[in-house]
Amino acid sequence: MDYKRLIIRGISYSQTQSGAYALLLEHEETGVKLPVVIGNFEAQSISLGLEKDIQPPRPLTHDLFSSFVKATQYRLSSVVIYQILDGVFFSNLVFTNNISDEELILDARTSDAVAMAVRFDAPIFTTEQVLSEAGILLEINEPEEMSADVEGSQPIVGLEETSLSNLSSQELAQLLEDAVKEEDFDTALQIQEEIKKRNRKIE
């Protein structure tokens with residue numbers, strides 16, 4: 001299968017789900033963004049994994065599992081986000097034995113898979129179908145710093161009060177652009193799903 005490689009663009013606080021964060025992945029060739037809603041612990045673990053110079057005083061769960069994998073002579077060769085179903089991403093951890101080159105594939109939550117990938121410097125891949133269903137094809141300005149602790153951001157006004165189905169296509173497009181600018185990627189995903197639903201009806 002022709003997998004598409006993703007890079008980590010950053011993590012931002014979710015504006016619509018309390019205690020949640022949005023992990024932003026990007027297809028490095030087309031720039032299509034793939035937002036994944038993750039929990040607080042997973043956001044912290046991914047952030048610490050990206051900061052190679054920062055070591056927690058005691059190993060986190062992903063650090064412990066990484067040490068176990070290395071002790072058994074395996075390495076994480078890749079992560080594959082292979083499906084999205086009802087807004088939930090499904091991923092595989094692909095391990096390779098350092099001695100026999102035997103592969104071991106384990107199912108994992110995408111947040112856990114990414115937390116492992118940053119510890120092994122393993123590439124993250126997805127499929128064309130996942131990018132088509134959940135990707136956001138919209139150019140955004142580079143933020144000064146994408147952080148799990150974003151201050152001063154406000155939720156997109158009117159989204160909770162107004163049903164997306166009652167908005168015009170032009171209003172949806174503007175709302176989508178505003179959501180991405182606010183780094184509210186889980187809301188952007190909801191808006192884009194409504195736009196795709198309308199396009200399917202037209203076809």
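User: In what order do the elements of the protein run from the N terminus on?

Analyst: This is a predicted model. From the N terminus on, its elements follow the order β-β-β-α-α-β-β-β-α-β-α-α-α. The secondary structure comes to six helices and seven strands. Of the 203 residues, 45% count as buried. Among the contacts with a separation of 6 or more, 57% join residues 24 or more positions apart.

User: Why does Ser 45 count as buried?

Analyst: Ser 45 has a relative accessibility of 0%, and buried means under 20%; Ser 45 therefore counts as buried. The residue is found in helix H1. Apart from neighbours within four places in sequence, Ser 45 is in contact with Leu 60, His 62, Ala 115 and Arg 119.

User: What makes Glu 51 partly exposed?

Analyst: The relative accessibility of Glu 51 is 45%. Buried requires under 20% and exposed over 50%, with partly exposed in between, so Glu 51 counts as partly exposed. Glu 51 is found in the loop between H1 and H2. Glu 51 and Val 118 are 67 residues apart in sequence, yet their C-alpha atoms are 9.3 Å apart in space.

User: How do you know that the buried residues of H1 are on the same side of the helix?

Analyst: In H1 (residues 40-50), the buried residues are Glu 42, Ala 43, Ser 45, Ile 46 and Gly 49. They cover an arc of only 165 degrees around the axis, which puts them on the same side of H1. As background, an α-helix has 3.6 residues a turn, so residues three or four places apart point the same way.

User: Which elements do the buried residues of H1 pack against?

Analyst: They pack against strands E1 (4-13), E2 (20-27), E3 (33-39) and E6 (103-109), and against helices H2 (61-71) and H3 (110-120).

User: Why are H1 and H3 called roughly parallel?

Analyst: Their axes cross at roughly 15 degrees and come within 8 Å. Angles under 35 degrees count as roughly parallel, and H1 and H3 are therefore roughly parallel to each other. The crossing of H1 and H3 is left-handed. On the H1 side the contact is made by Glu 42, Ser 45, Ile 46, Gly 49 and Leu 50, and on the H3 side by Ser 111, Asp 112, Val 114, Ala 115, Val 118 and Arg 119.

User: Which residues have the most contacts inside the largest nonpolar core?

Analyst: They are Leu 23, Leu 76, Phe 89 and Leu 93, in a core of 32 residues. Elements that each supply at least two residues of this core include E1, E2, strand E4 (74-85) and helix H4 (128-134). H3 gives the most, with six residues.

Methods:
Residues are numbered from 1 along each chain as its sequence is written. This is a predicted model: local features need pLDDT of at least 70, side-chain atom pairs count only at pLDDT 80 or more; totals for chains, interfaces and linings use all residues. Side-chain values use heavy atoms; hydrogens and water are left out. Buried means under 20% relative accessible area, exposed over 50%, partly exposed in between (1.4 Å probe, protein chains only). Helices (H or I, at least four residues) and strands (E, at least two) are DSSP runs, numbered from the N terminus. The arc is that of the directions from the helix axis to the C-beta atoms. Contact means heavy atoms within 4.5 Å. A nonpolar core is a set of buried Ala, Val, Leu, Ile, Met, Phe, Trp, Tyr and Cys residues joined through side-chain atoms within 4.5 Å. Axes are lines fitted to C-alpha atoms, for helices over the stretch in contact, and angles run from 0 to 180 degrees between N-to-C directions. Angles under 35 degrees count as roughly parallel, over 145 as roughly antiparallel, 65 to 115 as roughly perpendicular and the rest as oblique. A crossing is left-handed if the near helix is turned anticlockwise from the far one by less than a right angle, and right-handed if clockwise.
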